[in-house]
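Trainee: I would like to go through this model term by term. Please set each value against its cut-off.

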Amino acid sequence: MANQRVSLFLVAMLLTFISRPAQSRTLESDTEVLRAFRASIDPNSVPPYSFIDSWDFRMDPCESSGEIFLGILCSTPVDNSSTRVTAIDLDGIGYEGFLPPRIGNLTEMVILNLSKNNFRGPLPGSITNLRKLTTLSLSANFFTGTLPARIGELKKLETLDVSQNNLSGSIPTSISGLRGLLRLSLSNNGFTGRVPSLNGLWQLNSLDLSNNQLHGNLPTLPGHLRTLQLNHNIFSGHISSISRLQNLRILDLSSNRFSGAISEGILMLPNAVLVDVSYNRFSSLEVSRFMGSEMQLQELHANTNHLQGHLPVNLVSAKNLRTINLAQNQFTGTIPREYGAKVEGSWRTLFLDSNFLTGGLPQQFLRRGLRISGSLAHNCLICPRNITMCHGGQRPASECVRQGGS
C-alpha cells in the first residue's frame, strides 16, 4: 500500500512537470557574447559590487533577478522562444578592456552604453549589425581608430555619442542616413576633414562636433537644431546661413577661423539664449535696432575677433541680455551713454577691455556699489583708478595716437 502511494506521488509530480510550459532561457549565442565581453575586461579594474562583478555565469543572464547580471536587460518572449539581450547599460566606474567583435551578434540590442569607463582599441565594424540600436553611448573612454564606415546602417539610432575618445579620420558620409537621430556628439576626438551634409538628419536637435580638427565651410545643417557646438575646430568662411535655424537656443562657434560679419540675423534668432562667436576673425557686428523683449538672448561672447567701428548701441534693446564680452577687438569711439543705464540695471557682466575706446565713462560707471563685473582696461579711456573695472590701466598714449591716425 505504501509503495502504491509513492508511485501515485511520483506520477503526479511527473504530470505537474510535463504540464508546465518550458521556461525560456537566454539564447546561447547571446550568453557567449556576454562571456566574451566579460573576458575582455581586465579583472583588476572590476571593483566589488560593480555591475560587471555581478555577472555570474552559473546563472542564466536573462532569468536571474535581484543583484545578478546588473546592467543587462532582456526581452520577454510571448512564447517558449529564447530570451534575447536587449541592453548593456554599464555603470561608469572605470572598467578597462575592449569591445569584442562578437558584440555584433546581439542583434536584438536596443541600448549599448559603456560611457565613463576606460575601454580602448577600435570600434569593431560588427557594431553596425546592431540594427535595432536606438542608443549608442561610448563617451569618455579611450577608443581609437575611425567610426565604422557603415554607421549609417543603424537606421533606428536616436542617440549617437562617442565624445571624449581618441577617434580619428573623417566623419563617414553614411552618417547622413541616420534620419531618426535626435542627438549626435562626436566632440573631443581627433576627427579631421570636412563635415558631410547633415541636412538629411531632419529630426536632429543637438549637434556637438567641438574640439576636433574639422575644417572647411559650415556644413549643411538640419533646420530643427536647438544646440549647435562647433567650437575649437578649423572651420572658416561666413556664418550667415545660421540665421535660418530658428529653433536654435545654444550656438557656440568659438575658436575657429570664421570671418565676415556676425549678422543681425544671428543675434535675432528668436530662441537663442547663448551666442559664442569668440576667437574667430569676424570684422563686423551687426545689431538690429529691432531687438526687444521677444528676444531670449542672455549671453553674447564676441571677444578676440577683428571687430571694428563703434560699440553697438542697440545691444541695450535686448531685454534679456545679461552678459556681454566684446574684449580684444578694434572698437573705437566712446562708450555709448545708453550703456550706463544697463550697468546699473540688468547687465551683470561687461568686458570691453583691449580695444581702442576713448573719452570718459558714462556717469553710472562711476557710482559705488555697482553689481556688474568686467573690465575696461587697455583702452584709451579716461578711466579713474578707483573704479574696479578700470584696474589694469590703459594703453600707452603712443598706441592710442597711432590707432587714431590709422
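Mentor: Start with a pair: the side chains of Asp30 and Arg84 meet in a salt bridge, at 2.8 Å from N to O. Note that this is a predicted model: local features need pLDDT of at least 70, side-chain atom pairs count only at pLDDT 80 or more, and totals for chains, interfaces and linings use all residues. Residues are numbered from 1 along each chain as its sequence is written, and side-chain values use heavy atoms, with hydrogens and water left out.

Trainee: Why is the contact of Asp30 and Arg84 called a salt bridge?

Mentor: The term asks for a side-chain nitrogen of Lys or Arg within 4 Å of a carboxyl oxygen of Asp or Glu. Arg84 and Asp30 have N and O at 2.8 Å, so the pair qualifies.

Trainee: Which parts of the chain does the pair link?

Mentor: Distant ones: Asp30 sits in helix α2 (residues 28-39), and Arg84 in the loop between β1 (72-74) and β2 (85-89), 54 residues apart. Helices (H or I, at least four residues) and strands (E, at least two) are DSSP runs, numbered from the N terminus.

Trainee: Are Asp30 and Arg84 buried or exposed?

Mentor: Asp30 is buried, and so is Arg84. Buried means under 20% relative accessible area, exposed over 50%, partly exposed in between (1.4 Å probe, protein chains only).

Trainee: How many salt bridges does the structure hold?

Mentor: It holds 10. One of them joins Glu344 and Arg367, with the closest N and O atoms 2.6 Å apart. Glu344 is in the loop between α4 (338-343) and β24 (349-351). Arg367 is in the loop between β25 (356-359) and β26 (373-375), 23 residues apart from Glu344.

Trainee: Why is Glu344 called partly exposed?

Mentor: Its relative accessible area is 41%, between 20% and 50%, so the label is partly exposed. Arg367 has 42% relative accessibility and therefore counts as partly exposed.

Trainee: What does Arg395 form with Glu399?

Mentor: A salt bridge, the closest N and O atoms being 2.8 Å apart. Glu399 is partly exposed, with a relative accessible area of 25%.

Trainee: What makes Asn117 buried?

Mentor: Its relative accessibility is 2%, which is under 20%, so Asn117 counts as buried. Asn117 lies in the loop between β4 (111-113) and β5 (118-122).

Trainee: Which backbone atoms lie by a polar atom of the Asn117 side chain?

Mentor: The backbone nitrogen of Gly94, at 2.8 Å, and the backbone oxygen of Ser115, at 3.1 Å. A polar contact is a pair of N or O atoms within 3.5 Å; within protein, one must be able to donate a hydrogen and the other to accept it, and residues adjacent in sequence count only if both atoms are side-chain atoms. Both distances are within 3.5 Å, so both pairs meet the distance limit.

Trainee: What else is Asn117 in contact with?

Mentor: Leaving aside neighbours within four places in sequence, its contacts (heavy atoms within 4.5 Å) include Asp91, Tyr95 and Ala140.

Trainee: Which residues have the most contacts inside the largest nonpolar core?

Mentor: Ile88, Leu112 and Ile242, in a core of 101 residues. Such a core is a set of buried Ala, Val, Leu, Ile, Met, Phe, Trp, Tyr and Cys residues joined through side-chain atoms within 4.5 Å. α2 gives the most to this core, with three residues. Not counting residues up to four places away in sequence, Ile88 touches Leu34, Phe37 and Leu112, among others.

Trainee: Why are β3 and β19 called edge strands?

Mentor: Nine strands form an open sheet in the order β3-β5-β7-β9-β11-β13-β15-β17-β19, with parallel pairing. β3 (96-98) and β19 each have a single partner strand, so one side of each is left without a neighbour in the sheet.

Trainee: How do you know that β5 and β7 pair?

Mentor: Two strands pair if DSSP finds at least two bridges between them. β5 and β7 (residues 142-145) have three bridges, so they pair, in the parallel sense. Gly121 stands opposite Phe143 in β7.

Trainee: What of the four-strand sheet, and where are its edges?

Mentor: Its order is β21-β23-β25-β27, open and parallel. The edges are β21 (308-310) and β27 (380-381), each pairing on one side only.
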